[in-house]
Structure formats: C-alpha cells, structure tokens
Amino acid sequence: MDIGEAVGTPDAGRGTEPAGGGPARAGTGPRPDAAVVRDALGVGVAVGLSGFAFGVTSAGAGLTLLQTCALSLLVFTGASQFALVGALAAGGNPYTAAAGAFFLGVRNAFYGLRLSQLLRVPRALRPFAAQWVIDETAAVALAQPGRRAARIGFAVTGATLYALWNLTTLLGALGASALGDPREWGLDAAGPAVFLALLAPMLRTATERAVAGLAVVLVLVGVPVLPAGVPVLVAALAAPVVLALRGRAPVRPARAGKGRGR
C-alpha cells in the first residue's frame with residue numbers, strides 16, 4: 001500500500017496536493033515521495049536512538065523496567081520524560097517532577113492545532129495520530145510544501161521514531177546495570193542535546209530568541225536554589241515576560257520616504 005493511502009491521502013498516487021487545498025508555498029514545488037521518506041527516516045533514526053539514553057537515565061533514577069518502558073510507550077515525548085526522571089534522580093518531589101513534565105508536554109497540544117488543519121487525518125485515525133504529535137513529527141510535516149508530503153513525512157517520522165524510541169528505551173534500561181552511571185558516558189546529555197539541536201533552527205525572530213534566552217537564565221538561576229523540577233516551571237514565565245515587555249516598547253515612527261522606489 002502506498003504511504004499516502006495508509007494515512008488517508010485522498011489523491012494517493014497523484015502529484016502533491018498543496019497544504020490546505022490552496023497553492024503551494026512560494027518558492028516550493030511538489031517533492032518526490034522518496035525524498036520526503038528519506039528526510040523523515042533520517043530524523044526518526046537520529047532521534048529514536050537517543051531513547052537508549054533515556055532508558056539508562058530512567059533506570060539510574062530508580063524507575064523499574066516496567067515504569068521506564070511505560071513512560072516511552074504512553075507519554076512518548078522525550079523532553080518531558082527526561083525532565084521527569086531527571087527531577088526524580090535529583091531527589092525532587094514526584095508531584096513537582098510530574099508537573100514540570102506536564103508543562104513541557106503542553107506544547108504538543110499547540111502542534112496538534114496546527115497539524116490538524118494541515119494533515120486533515122480521518123476521524124478514525126486521529127487518536128493514533130495524536131500519540132505521534134511531537135517536536136520531530138511537527139517539524140518534518142510543517143516543512144513540506146503540500147498536504148500529501150506533510151502526511152507522508154508525519155507518518156514515516158512518527159512510526160520510525162516511536163518504534164526506535166521504545167526499542168532503545170528497553171535496551172537502555174536492560175543495560176543500565178552493566179553501563180553504570182550514565183554520566184560517565186555522557187548519556188545524560190544526549191536528550192537535552194538532541195532537543196536543543198531541534199529547537200535552535202526554529203528560533204528565527206528576535207522575540208523567540210529572547211524567550212529562549214530568558215528561559216535559560218531562569219533555569220540557571222533556579223537550579224541552585226529551587227527544588228528539582230521547579231526551575232522548569234519557572235522557565236515557563238519567560239514567554240509572558242518577554243511578550244509583556246515587547247508590548248510596552250515604543251513604536252518607532254516610519255522613516256520618511258520608506259517604501260518608495262529608488
């Protein structure tokens with residue numbers, strides 16, 4: 001079966017349908033299915049392998065094999081999973097750790113709002129597709145010029161990443177005792193490094209960079225003085241603070257002659 005048919009593409013086998021039923025984005029054209037699959041597999045494999053680091057870190061934090069695998073199967077959002085086990089490993093309150101993980105995961109709901117309009121997944125498949133709405137699948141789908149390519153990118157990235165993430169989580173948890181402390185191997189930094197690599201290219205405007213920068217400052221200041229898991233919650237204040245300050249900034253008058261031909 002063609003991948004487009006598997007995700008419910010109405011025009012499977014034909015040319016790329018522009019996203020939203022309108023014209024393709026300026027400067028882009030239909031992409032071959034093979035190119036979309038290649039890019040999606042690259043992202044899925046690269047990120048999926050970091051599930052090994054999560055398995056080791058989770059086991060090192062004291063979670064059982066069943067608890068570790070259940071987190072990857074049911075939660076399936078790496079940043080939230082690492083935040084949870086990291087807070088627990090540091091001796092944080094389980095409720096505080098869970099709250100931090102929850103607020104990190106809320107961003108996926110906003111991805112879902114955008115992707116629902118782009119992908120138009122059939123109603124029967126929506127509960128399954130919702131499980132795959134994460135940073136990587138959203139990034140791949142939104143980068144495509146048309147709905148068919150977006151659906152293929154979302155489906156291939158989600159399937160590859162979900163399978164590999166859960167497999168490597170299991171292997172990491174099983175091998176945790178043999179590896180010892182994951183910090184000696186640098187595996188504790190794998191998750192955050194992958195997350196930053198995905199996030200950095202998305203910070204395109206001054207406002208986005210200001211929010212990210214302030215969030216980093218809040219976390220660095222909060223880690224030495226606040227209980228484990230709380231600095232992540234405090235970092236969420238960066239967005240409203242930056243937006244409030246931006247709203248108060250005076251509007252500069254347009255320069256004379258701006259917009260005229262030269």
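Tutor: By class, the lining of the second largest pocket has 11 nonpolar residues, 6 polar ones and no charged ones. Here Ala, Val, Leu, Ile, Met, Phe, Trp, Tyr, Cys and Pro count as nonpolar, Asp, Glu, Lys and Arg as charged, and the others, Gly among them, as polar. Keep in mind that this is a predicted model, where local features need pLDDT of at least 70 and side-chain atom pairs count only at pLDDT 80 or more, while totals for chains, interfaces and linings use all residues. Residues are numbered from 1 along each chain as its sequence is written, and side-chain values use heavy atoms, leaving out hydrogens and water.

The second largest pocket holds about 250 Å³ of space. Of its 17 lining residues, Val 75, Thr 77, Ser 80, Gly 105 and Asn 108 are the closest to the centre. (On a 1 Å grid over the protein atoms alone, a pocket is an open set of points where a 1.4 Å probe fits, with protein on both sides within 12 Å along at least five of seven lines; lining residues have an atom within 4 Å of a point. The volume is the space filled by probe spheres set on the points, which are joined across faces, edges and corners.)

Now for the helices, which are DSSP runs of H or I with at least four residues, numbered from the N terminus. Helix H4 (65–75), helix H5 (78–89), helix H6 (94–105) and helix H8 (126–131) each give at least two residues to the lining. H6 supplies the largest share, 4 residues.
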